[in-house]
Amino acid sequence: MIKVEIDLDNFEKSSYSVNENDGDFIIFENENNVFIGEIGMNSEENFEKLYFQFLENQASFFDKLHYGFALINVNKKEKSVEIFRDFFGLKPLYISQIANKFIITSQIKPLALSNQKTLNKEHINDYLRAEYDDNQISESTFFENVFRILPGHKYHISRKGISKTLIYNSFEKPLESFKAIFEENIAEIGKKHTNISAHLSGGLDSSAIVGTFAKKTSRKPKAIYFDAGEGSNDEKSLAEFVAERFETSLFKLNNGNDFYTAAKELANLTFQPELLLFPSDIFKQIGEKSKSEVIVSGHGGDSIVGYGFEYLKELFLKKDAENLKKALEEYLDKKGEIINWNEKTTLNLINFTNYFFVKNWAYFLRKKEYTKAINYLIWGITELKISLWSVLRIVFLKLKTRKNIPHIESIPKTPIDYFPNSNQIQKQQINENLIRLGVNALETFYTINENLKIKSYYPFLDLRLLKTSINTELKVKFADGRGRGLLREAMQGILPEKIRNRVSKGAFNDFQIFVFNQMWLKMETQVLENETIWEFADKKRFFDAVSIIKNDNFTKKQKQENLWYCQRVLNLVIWLEELSLH
């Protein structure tokens, strides 16, 4: 862990410390500056040399840093501090201020303790109201006067105040191919480490990691498979197939944990209630039981590669009926493989086209762009052969379903405009790297790593890969309805076709519901007796959601949309009680 204390009123008393057993933080100091940092895959570079490159040209320096980093530059002469955090938030940094004294650390716990663990009630309320698939990223944390250094930003602190700017302002496509960059990242890990484990789920991302190690390096990492139990047999057989094909050992981690105890341990370790079990506890179990110095994970692969299904929306917005009909049919063919339709029928295609149209057309209604809505409706009826009756029926059913299911108003996403010149679809994928990718998860993983004294690498989380993906035509990523075209193309000749062309994806919905039910058995009385939680959570909303999860008349999707709220409430109860915050 790193800890930097800066006193602007008495700069000479500022202090800097690094626990050398945790992470890769290095300190370089000369007469005018103290340069403190952790730089992911670049740690073999001479740190002093990196510092002078930094001084010479910051823009050029950061263009060369594609992976995770956290840097602090203390200018003793100017009595100022610069703080930098990588785009994905791989390396966490937090800050707290009392008068003109600042404390910067790589873990939230010391800052929370120094601020008497005072709750940030507004942040807790936002946490409970965030959309179910949205891991919020903001400067605020669960504690008052403890702030997150935002990913991809530079902070400048001096007696004049605090300013914040983006580190990256260009978004040009790299010269290297997606395949070359990915292989370079795997080779770099193999060059630096010998005792390596890789999380292997049987999916495309994790299989790409294991396959690239086997084909392009002399390393064969131990593969770790997490068995989520019932409903994951397909994933298990695919993981076994990949491990056997690449002649690597496969360690199976069984789903036998005491989830309640695990959540309490993680609450004490991370000092945050977010993601206490999924995926954090799985990550912790892999780290504990792998007996490796390094864990390699495909985390973030979905967000970086991109599915390319936005291609359908692009054709819709262009009113390109001919190509849209063809693309919808291709997509439906692949979707049919997942949901096991016995045969593709005209009725399936008609129903799917109607559903797709309504989903995108309704956007204009929500935005009150009624003229555009009418124009697209006429186009849909004449060119796509949409049935007006079907449109009205789908709208009616959606409204009826929404009315019958308890609903809590969610707070809107407020994405950061990292690249102002990017288009709407590019912005969507960029911000998915700070929402669905989950900066919160990466911060939790980092704390787990420091506690276990291991390292984790995420070879997909390279800014060059994201830039390549963002600048690739959606049609290429769409890959004739399979999606994820960039990675499929990169894995040609590496992965077996059975894996490379796989269109299904492992689902953990059943496992998440199983975890909740296990925790609810232990926590029902505890939740009922905890008065503090209802200062934040909606009691009726919570118990309505529990009823939906327990009722088999509701679909898995409906249960999942309510599960997020229930699990967050349970996490908060554990967090509040374990930290004695109430």
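Visitor: Ok, Ala, Val, Leu, Ile, Met, Phe, Trp, Tyr, Cys and Pro count as nonpolar, Asp, Glu, Lys and Arg as charged, and the others, Gly among them, as polar. How does the lining of the largest cavity split by class?
Guide: 3 nonpolar, 6 polar and 2 charged residues. This is a predicted model, where local features need pLDDT of at least 70, side-chain atom pairs need 80 or more, and totals for chains, interfaces and linings use all residues. Numbering starts from 1 along each chain as its sequence is written, and side-chain values use heavy atoms, without hydrogens or water.

Visitor: How many cavities of 30 Å³ or more are there?
Guide: The whole structure has 2 (grid points, 1 Å apart, where a 1.4 Å probe fits but cannot get out; lining atoms lie within 4 Å of a point). The largest holds about 60 Å³.

Visitor: Which residues line it?
Guide: Tyr-94, Ser-106, Lys-109, Leu-269, Thr-270, Thr-444 and Thr-447 are among them. Helix α17 gives the largest share, 3 residues, and α8 and α17 each supply at least two.

Visitor: How do α8 and α17 cross?
Guide: The axes of α8 (residues 259-270) and α17 (residues 439-452) come within 10 Å and cross at roughly 90°. They are therefore roughly perpendicular (65 to 115 degrees).

Visitor: Which residues meet there?
Guide: Leu-266, Leu-269 and Thr-270 of α8 meet Thr-444, Thr-447, Ile-448 and Asn-451 of α17, with heavy atoms within 4.5 Å. By class, that contact has 3 nonpolar, 4 polar and no charged residues.

Visitor: New topic: at what angle do α22 and α24 cross?
Guide: Roughly 45°, with the axes of α22 (residues 509-529) and α24 (residues 556-578) within 10 Å. Their contact has 11 nonpolar, 5 polar and 4 charged residues, including Phe-516 and Trp-520 of α22 and Leu-563 and Leu-570 of α24.

Terms used
Axes are lines fitted to C-alpha atoms, for helices over the stretch in contact, and angles run from 0 to 180 degrees between N-to-C directions. Helices (H or I, at least four residues) and strands (E, at least two) are DSSP runs, numbered from the N terminus. Angles under 35 degrees count as roughly parallel, over 145 as roughly antiparallel, 65 to 115 as roughly perpendicular and the rest as oblique. On a 1 Å grid over the protein atoms alone, a cavity is a set of points where a 1.4 Å probe fits but cannot get out, and a pocket is an open set with protein on both sides within 12 Å along at least five of seven lines; lining residues have an atom within 4 Å of a point. Grid points are joined across faces, edges and corners, and a volume is the space filled by probe spheres set on the points.
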